[in-house]
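Here are my notes on this model. Please read them with the coordinates open.

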Amino acid sequence: MNNFTFYSPTLFAFGDGEEQNTGALVRRFGGTKVLMVYGGGSIKRNGAYDDAAASLRAAGIPWVELGGVQPNPRSGKVYEGIELCRREGVDFILAVGGGSAIDTAKAIGVGVPYDGDFWDFFSKQAAEKTVPVGVVLTLSATGSEASDSSVITLEGENLKWGNIKSDIYRPVFAVMNPRYTCSLPAYQTASGATDMLSHIMERYFTPTEHVDVTDRLCEGLMKTILTAAPKALADPSDYNARADLMWAGMLAHNNLCGVGRRQDWASHQIEHELSALYDCAHGAGLAVVTPAWMTYVMDRDIARFAQFAVRVFGCEMDFHQPENTARAGVERLVAWLRSIGMPTTFAEIGARAEDIPALVAHRAKKPGAFPFGGFTPIHEDDMTAILELAAR
Ligand code: NZQ
Ligand code: ZN
């Protein structure tokens, strides 16, 4: 196990009814005027908006609003939010929604106290100050409610990049009522489950040895997601399945499962190019990329892929030819993804094989673009080969 520091300062208020504490939490973390950030209106239909408004009102906290954040959130809303915060004297940002609302709130948070362009924090330097961000979560997926990440697409150039690492992006609190996620369309529930599974896999596939404790944490979480997602899809109002998914999504990405080991993140890097170009759901893009990545890289450590197959999917170990076990794990993953309604082919997310050179070239615009991936380095020709596998 490698040395590590682990910092996860977020306060979690988890469960049905906890949303009533939102206003009090804003106050506890020093907020006196709020910017409420949300998406295209789901929160107005499922009650999350009314609940947040009632709780802020009860705590005597005034607010202004920035709605209309799109999935795969764009820089335009960030600039708008920064301007609004400065004009209105906002000292606390409350995201009500999924990863896109939260990531927009985080980017606004670091942009407000900064004289330059917030995009500097996504292209060249780590942010050191932020307006505090709190979250009311309505979608179990990204783990952004406790993560140190924000992912924004710079309009014009269509660059979908994550922030330069800094713990400053971790929200001060997250209100997590699983009931809010009961209104999710099945496709979003499935995309979210795929995303959280991927966050664990990006950590699980590591070249670091002797990481048993995090291996076992990862395996337990993955197995929980494999069971809970079909339950939530079969009965969207299944509170316990929703609760398992919501907490698993947070644990998948606050880095509890990633400490002490080198992490991969190649599938995510490749996927961000897909959702930048085709505007597909992030989880759906991962469902297409991840099995292709696994197939391409598994021979670098067959034992680890076989372990995944046996411990997570219950495959039988072939001691003579462990590569058969490793391959069976990928097949079982693909079958599970299909069973929850995820795409697993290029065409299903509107992607085209002839775009592969452009996808690789677009990635190359990122500072330090190649190689990427902590499990095994991915160069331009590797990325091309992985995308070609995904396109088959
Ligand atoms: O916009 P509204 O109307 O709110 O509808 C949203 C949106 O259409 C809807 N939705 C959310 N909660 C709902 C609901 N519909 C009904 N009932 C509810 N309770 O779901 C749609 C997708 O929302 P979005 O926030 O875009 O989804 P998600 O949470 O999956 O976020 C995806 C974004 O996060 C980034 C992704 O790349 C993508 O841009 N990621 C952020 C990470 C982070 N900050 O740590 C890590 C991830 O790896 C990921 O890259
Ligand atoms: Zn993700």
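The points below cover the basis of the model, the metal site, the ligand shell and some backbone features.

1. This is a predicted model, in which local features need pLDDT of at least 70 and side-chain atom pairs count only at pLDDT 80 or more, while totals for chains, interfaces and linings use all residues. Residues are numbered from 1 along each chain as its sequence is written, chains are lettered from A and ligands numbered from 1 in the order written, and side-chain values use heavy atoms, without hydrogens and water.

2. The zinc ion (ligand 2) has four protein donors: D195 (OD), H199 (NE2), H268 (NE2) and H282 (NE2). They lie 2.0 to 2.2 Å from the zinc ion. Donors here are N, O and S atoms within 2.8 Å of the metal (3.2 Å for Na, K and Ca); water is not among the atoms, so sites may look incomplete. The spacing in sequence is D-x3-H-x68-H-x13-H. D195 sits in helix 7 (residues 186–204) and H282 in helix 11 (residues 282–297), so this pair ties together parts 87 residues apart in sequence. Helices (H or I, at least four residues) and strands (E, at least two) are DSSP runs, numbered from the N terminus.

3. D195 and H282 are both buried. Buried means under 20% relative accessible area, exposed over 50%, and partly exposed in between (1.4 Å probe, protein chains only).

4. Ligand 1 has 33 residues around it, and G40, S42, G99, S100 and S147 come nearest. The shell criterion is a heavy atom within 4 Å. By class, the shell holds eight nonpolar, 22 polar and three charged residues. Ala, Val, Leu, Ile, Met, Phe, Trp, Tyr, Cys and Pro count as nonpolar, Asp, Glu, Lys and Arg as charged, and the others, Gly among them, as polar. Domain 1 (11–180) and domain 2 (184–391) both contribute residues, so ligand 1 lies between them. The domain bounds come from an automatic or database assignment.

5. Which residue places a backbone N or O atom 2.7 Å from an oxygen atom of ligand 1? That residue is G40. A backbone N or O atom of S149 is 3.0 Å from a nitrogen atom of the ligand.

6. N72 has a positive phi of about 55°, though not a glycine. N72 belongs to the loop between strand 3 (63–66) and helix 4 (75–88). At 7% relative accessibility, N72 is buried.

7. F370 and P371 are joined by a cis peptide bond, with omega about -10°. P371 is in the loop between helix 14 (356–363) and helix 15 (380–391).

How values were computed. A polar contact is a pair of N or O atoms within 3.5 Å; within protein, one must be able to donate a hydrogen and the other to accept it, and residues adjacent in sequence count only if both atoms are side-chain atoms.
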